[in-house]
Amino acid sequence: MRKMSSHRISTCVIVAVLLIPYTVLSVAQGSNPAALSSAHCNDALTCGECLQAHHLCGWCETDGYSDDGNPRCDLEETLLESGCINYTMPVTEMEIIEDVAVRNAQGSDEAVQVQPQRISLKLRPGDTKTVRVKVRQAQDYPVDLYYVMDLSRSMLDDLLTLKLLGSHIAAEMSSITSNFRLGFGVFVDKTVLPYISTVPRKLREPCSECAAPYSFRNVLPLDINTDLFAQKVNQTRISGNLDTPEGSLDALMQATVCKEKIGWRERARHLIVYTSDASFHIAGDGRLGGIVTPCDGICHLDDDGVYATAHLYDYPSIGQLNAKMRENNIIPIFAVTESKNELYRNLTQMVEGSNVGILAGDSRNIVDIIKENYERITQQVQLVDNAPAGLELTYSSRCSGGVETDAGSDTCTGLRLGETVEFDVDVKARDCLGGLKNITFEIQPIGFEEALTVEVEVICECDCENEMIVGLDVCTYGNGSLVCGECECNDGRYGKSCECSGDTTEDEGAESDAGCRPANATNLCFGRGECVCGTCICNTRPDPTEVVSGTYCECDNFSCARYQGELCGGEERGTCVCDKITRQSACKCTSGYQGVACDCPTRVDTCRARNGLICNAVGNCTCGQCQCDPNSRFQGAKCDECATCSEDQCFLHQACLQCKIIPELGRLSQEQCDMCLVEIREVESLGHPDIKNAKNCSFVDPSQNCSINFAYTASGNTDKIIIYYEERPVCAREKAGSLIQGQNLYILIGGIVLSIVLIGIVLALIYRLWTYIQDRKEYAQWMKDQKEANWEKEQNPIYKSNISTFKNPMYNK
């Protein structure tokens, strides 16, 4: 546990020293304190609660630190910024206690297959530590093989075959390892109804030439003399029972837990070869025979090697058998007939490390099954552990060449004897393990006797909690004891410094309220807390992540400005804290952001134009975006696009070239010029062979009346721009030569003026001649039309005579 103490040294030195372990912690744990809010820590009331709140929380022990409303439990960075120089913050640590390198057996030195052998971990709740484990299948490693056989009547031909193959099994295993022991056991079933017949005659001889029934018998303990195996098998007789399932699990349990009577060695690979052609009884089947006592998982073999009390205990469960086999590092190989293959294959899914092989009808292929499955076992390494529920273990395998092949995998396959593989085991403490200070568990490859022993201490208490400081100078004249910087008050006293008494009068109470009312305020504690003995106790919120804080409960961590709907733009941009100066809630932005809501990125790389200039030097980069000068011809996202320029790229790169070769001519300052990400090269001519796929440009130097030609191109596969310019400018004086020197200049000007006048006169005469000809043509056409005109005389249809005639109707009557 790291504990900082106050010394009379400068504040700068203290902060610098304290920040070093903080940086190391952040890197080692892979955590990002900036992404963690102080709210995760601030609710802790004691040092122990602080350690359990989050593994990046620390507890300030400095006396009087909390008088200004600062929570004692906070992030280490915040504690330092708030002036705490005496704080407790344990770190996760690992100590390797025993670390012998993996090796084969050499002389008197035994083989080592797991490295390291013992480590010690100190974990903060919620923190993770990675442990590297090496596993190596040692060559010529000792092997104990125990053969367990079903001796019911249906296995008669298998027994006859085994009598012939006994010596062959020993010979094959001897070719694998020079240190080999072989044993033999047989089983039938419990000697009660309905499993066997209890007729006295049947109890003696259940079938013709059959031995009396039994549950399990250890015929031959493991022995280096493999010839005894063939002898014992030859002396064995078949037996019989009534029902189809056998007492297989009883036999496997006794063969597993009876270590001394079976003869299992401590430093050897333990194999059980199980042969049968039938199914098996499981836990609960014993009730059929009136047996209700559960299997106790203890060895019950008598002096003759017989499981004589099988009628008193139920069959073991598969889970119980698996646990005992893991505890004793037993790997079973189930050699069964094809009709039972699916049943036992399902069983292998529940028994760690087990394998299954299809047995021929007379077991003639048992030697091949043993050899193939032994090779399969030695080609695989799988880690298991017995860690308690409060610890979370995650595996990642490094199977071939140390390369991480599968995150989350605890298995390596396809290995060879002598090959070393590695596993990364992440150990995380989820809680305080129910108050247990120290626990021990093992990480072990299945079937290996060796294991990595891990001692774990989960740090849930502070050392200072066991240290009480008493006296008249602490906790208001000794009205309490100082523990981890906080006062624990005596009976009848309360308050941060035990300054309050339970017998306070009304007048004293009114006076104490003044300490809860800030200047120019009417509400106590801003209406967000309760005044207790002159101190504001801020209200709690329904949401535990929302915290009201401050001397007068004036601050909180949930009312700051928001950006895109998130408080302070989200944890990556900033957190809502209490401003030390204004004593109001404000966003504390992380590096790279600024603004009221941390909505403005401070980065400028997003504003960099193609020539390297920030906003092409014609704008300002604000919040990561360019604000272009409205009077500039360059606009766009980075102020490098010119809609009115025929060659905008020429104009773009012209500014950088000008500031490099003619600083007084360009529009860029020296600081802006240094930002140009272009390479300038001087050449005699733009036709130089090194210049390929270039775009030619030019600009005029008005001070010299000269034109400077240049070309730009990209460098290879990069975005770097290379600008080539001709070392000799092309000037107007050089072009004109002697023609524009001295008196010739006036002659040239006069000639130009006279030429312009003459050309004007000629054009005017030509225009006058053209109009005269056109007029003549039009007059001649008019005269012709007059001569050819033929006019007809007709009366006007609307003409009316002015004479009217009337006739007297009575005339001549």
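Analyst: Two strands count as paired if DSSP finds at least two bridges between them. The model is a predicted one.

User: Which residue of strand 11 stands opposite tyrosine 147?

Analyst: Strand 8 (residues 143–150) and strand 11 run parallel and are joined by seven bridges. Within strand 11, the residue opposite tyrosine 147 is valine 273.

User: What is the bridge partner of histidine 270 in strand 12?

Analyst: Strand 12 (residues 330–336) runs parallel to strand 11, and seven bridges join the two. In strand 12, histidine 270 has as its bridge partner isoleucine 330.

User: How many residues of strand 11 are buried?

Analyst: Buried means under 20% relative accessible area. On one side of strand 11, Arg269, Leu271, Val273 and Thr275 are all buried, and on the other His270, Ile272, Tyr274 and Ser276 are as well, so that both faces are covered. The count for strand 11 (residues 269–276) is eight of eight.

User: Are helix 8 and helix 10 roughly parallel or roughly antiparallel?

Analyst: The axes of helix 8 (residues 248–257) and helix 10 (residues 318–327) come within 10 Å and cross at roughly 20 degrees. Angles under 35 degrees count as roughly parallel. Helix 8 and helix 10 are therefore roughly parallel.

User: How many charged residues are in the contact of helix 8 with helix 10?

Analyst: Helix 8 contributes Leu249, Leu252, Met253, Thr256 and Val257, which meet Ile318, Gln320, Leu321, Lys324 and Met325 of helix 10. By class, this contact has seven nonpolar residues, two polar and, as charged, one.

How values were computed. Residues numbered from 1 in each chain as written. Predicted model: local features only at pLDDT ≥ 70, side-chain atom pairs only at ≥ 80, totals over all residues. Heavy atoms only, no water. Axes fitted to C-alpha atoms, helices over the stretch in contact; angles between N-to-C directions. Helix = DSSP H or I, 4+ residues; strand = E, 2+ residues; numbered from the N terminus. Parallel < 35°, antiparallel > 145°, perpendicular 65-115°, else oblique. Contact = heavy atoms within 4.5 Å. Nonpolar A, V, L, I, M, F, W, Y, C, P; charged D, E, K, R; others polar. Buried < 20%, exposed > 50% of the residue type's maximum accessible area, 1.4 Å probe, protein only.
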